[in-house]
Amino acid sequence: MENVSNLVSVVRAELPRARLARWASVFFSLSVLTYLVSIAVTQAFLAVAGLLFAAHLLRNRPRIAFPRIKLPLLLFCLFTVISVFWATNTAAGWFAVRKLVLFLIILLAVNLIANSRHLSWLWKGLFIEAAIVGLIAAEQFVRQYRMVSAEHPHHVYPYMITTRITGLMGHWMNFGGQQMLVFVILAAFLMFALKVRRVWWVVAAVVAFSIVLNLTRGVWLGCFVAFVYLLWRWKPKWVLALPVLAILIYLFAPRVVHERLWLALHPSRDPALSIRFEIWEAGLNMIKAHPWVGVGPDNIPQVYDLYLPRGQRLKAGFHEHMHDNVIQFAAERGLPCLAAWIWLMGALLWQMWKVRRRCRTGRWLIDGAIAGWLAFVVEGIFEFNFGTSPVLMVFLFVISTPFVVEQFEAVAGKDLPVD
């Protein structure tokens with residue numbers, strides 16, 4: 001009991017002093033630590049944290065900190081709302097508007113993470129959680145591979161692709177996107193932190209292995225680009241060793257991974273790539289027909305057939321979105337909304353870069369966040385990851401991190417603990 005009491009005392013000492021802010025911080029922390037477990041649970045914790053923080057603002061009137069992205073964020077939200085009124089199905093469009101509340105993560109992170117140790121604990125908790133989920137996913141892969149090999153011995157690849165591992169998420173894209181972002185921050189921790197225990201290398205190996213088994217090429221490419229940036233920041237000459245590392249991973253990877261990469265070089269033989277060409281063509285037709293307001297948020301499935309070229313048959317596959325952030329926002333919300341989104345993403349990168357130049361501490365978190373931004377954007381060329389709540393929530397927490405670090409250095413000038 002004495003040990004538990006001591007632990008409670010330590011945790012309380014790490015949290016904000018104001019009671020409402022303290023409880024808001026607790027629930028926000030619980031929200032962060034359940035990102036990879038359950039979207040319903042994490043959003044419930046986020047809602048409670050938001051309500052408590054609002055009450056804290058009304059009662060105590062503290063100074064609010066927020067990154068300098070207010071104008072592009074406001075315009076993105078405004079154009080999203082405007083596009084709903086021209087949608088075929090306005091009810092479906094309002095769902096995308098409700099999703100904008102997730103940007104609350106940035107506000108809460110910057111104002112409720114009490115100190116550097118609190119931030120470090122949150123990320124280490126996510127590292128461990130990603131490894132646990134990775135082990136669960138690896139077991140899923142083994143079970144699925146055995147079942148497919150037994151029932152369809154001559155068609156293992158196509159069946160494995162349609163039953164990819166999902167961890168604790170409902171879809172492999174959600175699982176892969178989350179693991180990608182956590183792994184990028186973990187890689188930055190291993191490269192730049194002053195003291196790293198060996199256990200974290202084991203954790204990183206488990207998370208990396210789960211990403212390989214996820215068989216999502218956009219996630220692989222995002223990780224690769226992020227890793228190139230981190231190596232460039234850490235030891236630039238090691239970038240030249242990346243081809244050797246890629247070859248080693250390829251040689252020891254399962255056969256289904258080899259086939260996945262081979263098909264990426266032969267898109268005409270890969271249904272997943274060929275359907276994207278059809279989808280992107282339909283998306284461009286939507287943009288030409290509705291350049292200002294699009295067809296409406298979450299309305300693409302209802303009007304998709306109307307924008308196929310004449311005489312072209314609908315290919316079998318997933319047509320719910322454009323599999324690309326840029327085409328998606330332009331097609332469903334219009335070019336002004338796309339311009340606001342590009343401005344928002346550019347402003348985030350620019351502000352993070354400025355924080356990196358100003359701050360002397362917490363570099364692994366800042367460089368990790370920049371690498372996470374790169375991974376997210378690259379994966380977003382082939383997937384609408386900005387519209388997927390489980391991945392978007394992790395991304396928003398990732399890009400909040402540099403601004404949290406800046407707050408600590410401005411107020412206290414304390415180094416971030418890494419043990």
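This is a predicted model: local features need pLDDT of at least 70, side-chain atom pairs count only at pLDDT 80 or more; totals for chains, interfaces and linings use all residues.
User: What makes cysteine 359 buried or exposed?
Analyst: Buried means under 20% relative accessible area, exposed means over 50%, and partly exposed is in between, with a 1.4 Å probe and protein chains only. Cysteine 359 has a relative accessible area of 2%, and therefore it is called buried.

User: How do you know that helix H16 is largely enclosed by the rest of the structure?
Analyst: Helices are DSSP runs (H or I, at least four residues; strands are E, at least two), numbered from the N terminus. Helix H16 covers residues 325-333, and eight of its nine residues are buried, so the helix is largely enclosed. Among the buried residues are Ile327, Phe329 and Arg333. The cover over the buried residues of H16, where contact means heavy atoms within 4.5 Å, includes helix H4 (70-84), helix H5 (90-98) and helix H17 (335-358).

User: What is found at the start of H16, and what follows the helix?
Analyst: At the start, a side-chain oxygen of aspartate 324 comes to within 2.9 Å of the backbone nitrogen of valine 326. After H16 comes glycine 334, with a positive phi near 100 degrees.

User: Why is the pair of glutamate 139 and arginine 143 called a salt bridge?
Analyst: A salt bridge is a side-chain nitrogen of Lys or Arg within 4 Å of a carboxyl oxygen of Asp or Glu. The closest N and O atoms of glutamate 139 and arginine 143 are 3.1 Å apart, and the pair forms a salt bridge. Both residues lie in helix H7 (residues 116-151), and because they are four residues apart there, about one helical turn separates them. Glutamate 139 is partly exposed at a relative accessible area of 42%, and arginine 143 is partly exposed at 48%.

User: Which parts of the chain does the pair of glutamate 383 and arginine 276 link, and are these residues buried or exposed?
Analyst: Their side chains meet in a salt bridge at 3.6 Å, N to O. The pair links distant parts of the chain, 107 residues apart, with glutamate 383 in the loop between helix H18 (363-379) and helix H19 (389-411) and arginine 276 in helix H14. Glutamate 383 counts as buried at 6% relative accessibility, and arginine 276 counts as buried at 11%.

User: What makes arginine 358 and glutamate 406 a tie between parts of the sequence?
Analyst: The closest N and O atoms of this salt bridge are 2.4 Å apart. Arginine 358 lies in helix H17 and glutamate 406 in helix H19, so the pair ties together parts that are 48 residues apart in sequence. Arginine 358 is partly exposed, with a relative accessible area of 45%, and glutamate 406 is partly exposed at 23%.

Key
Residues are numbered from 1 along each chain as its sequence is written. Side-chain values use heavy atoms; hydrogens and water are left out. A polar contact is a pair of N or O atoms within 3.5 Å; within protein, one must be able to donate a hydrogen and the other to accept it, and residues adjacent in sequence count only if both atoms are side-chain atoms.
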